[in-house]
Amino acid sequence: MENPRDNQQTKFNQTPRQQSVRGDRESYERRSRPSRRGLFTVIALLGMLLVAAVFARGCWLRIKNIEVDGLVRLTKAEVAQIAGITDRTTYFSLDEKKVRHNIENDIRLRFISMEKKWPDGVLLIVEERQKTSNVVHMGVQYVISQDGMVLESSRSLSPDNGYLNVTGLDIRDIRYGAPVVCRDEYQLTAMGEIIEELKMQGVLSQTSELILSSLDSIYLVTVDGYTANIGTADRLRAKIGTVRAVVRELREMGKEGGMIEATIPGEASYRSGK
């Protein structure tokens with residue numbers, strides 16, 4: 001049986017250095033207990049903040065205020081649906097690349113920009129494609145937008161459907177739901193710029209045909225039979241403005257049809273068609 005005196009003797013037999021080390025260890029353990037409790041408190045607080053952040057992302061910051069600029073026929077709700085924005089979309093999950101992809105997959109729309117508005121809003125700027133022109137290729141009539149997207153196709157030719165007839169395009173590929181592909185890409189660029197200027201000057205509806213067979217001699221034909229050579233697709237505002245002024249004067253004079261040379265802005269000559 002162990003003698004208590006032996007234990008007491010063992011304790012008393014410890015050297016001063018051993019007693020000091022043991023005392024230091026006990027003191028360290030007493031000091032570390034509050035530190036550990038503080039660490040656990042910090043970890044718990046961080047966990048609560050993380051849960052709150054996840055909850056905020058999932059519930060509090062859902063997109064509720066949607067603004068859309070550039071609409072003509074479509075509604076804001078329709079564009080939001082096309083863009084893939086639902087009642088579960090949050091500020092943080094709303095991704096511009098995905099929105100752009102979704103919008104550009106719809107042939108009726110062009111994506112311009114997107115701006116997120118803290119904490120629950122978004123502004124979408126789009127452009128609705130409008131039917132502006134007819135293109136006939138291999139017996140099929142295509143109705144296209146200003147930027148060359150094919151919005152409609154039919155084997156029943158209707159050149160008098162109210163849209164500008166574009167001829168002379170050197171087409172490599174054309175199909176519904178895709179942009180027209182020309183061997184000379186500048187033909188489409190020139191077409192878009194000319195249509196835009198005709199719209200700006202308010203004479204698109206008075207123009208029946210745009211002939212792009214030669215980019216050095218581009219022709220415009222009015223609905224009442226005047227044909228104007230505007231040369232290349234530069235300085236369009238001045239050239240088309242010159243044609244407008246000349247046509248207006250010829251109509252006032254009672255002239256019918258004829259050829260107008262307006263390749264130099266501010267200068268024009270007229271040759272009667274009779």
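Let me start with Leu212, which, leaving out residues up to four places away in sequence, touches Val166, Thr167, Gly168, Leu169, Gln187, Ala190, Met191, Ile194 and Ile218. Please keep in mind that what we have here is a predicted model. Leu212 belongs to the largest nonpolar core, a set of 36 residues in which Ile194, Leu210 and Leu212 touch the most other members. Among the elements that give two or more residues to this core are strand 7 (164-167), helix 5 (186-200), strand 10 (207-214) and helix 6 (236-253). A second, separate core holds 20 residues, including Leu61, Leu94, Val122 and Leu124.

Next, the charged pairs, of which a search of the whole structure finds 13 that count as salt bridges. Asp224 pairs with Arg251, with their closest N and O atoms 2.7 Å apart, and because Asp224 sits in the loop between strand 11 and strand 12 while Arg251 is in helix 6, this bridge ties together parts that are 27 residues apart in sequence. Asp224 is partly exposed, at 35% relative accessible area, and Arg251 is partly exposed as well, at 36%. There is also a network, in which salt bridges with shared partners join Arg110, Glu127, Arg129 and Asp147.

With a relative accessible area of 30%, Thr232 is partly exposed.

Definitions and conventions:
Residues numbered from 1 in each chain as written. Predicted model: local features only at pLDDT ≥ 70, side-chain atom pairs only at ≥ 80, totals over all residues. Heavy atoms only, no water. Core = buried A, V, L, I, M, F, W, Y, C linked by side-chain atoms within 4.5 Å. Buried < 20%, exposed > 50% of the residue type's maximum accessible area, 1.4 Å probe, protein only. Helix = DSSP H or I, 4+ residues; strand = E, 2+ residues; numbered from the N terminus. Contact = heavy atoms within 4.5 Å. Salt bridge = Lys/Arg side-chain N within 4 Å of Asp/Glu carboxyl O.
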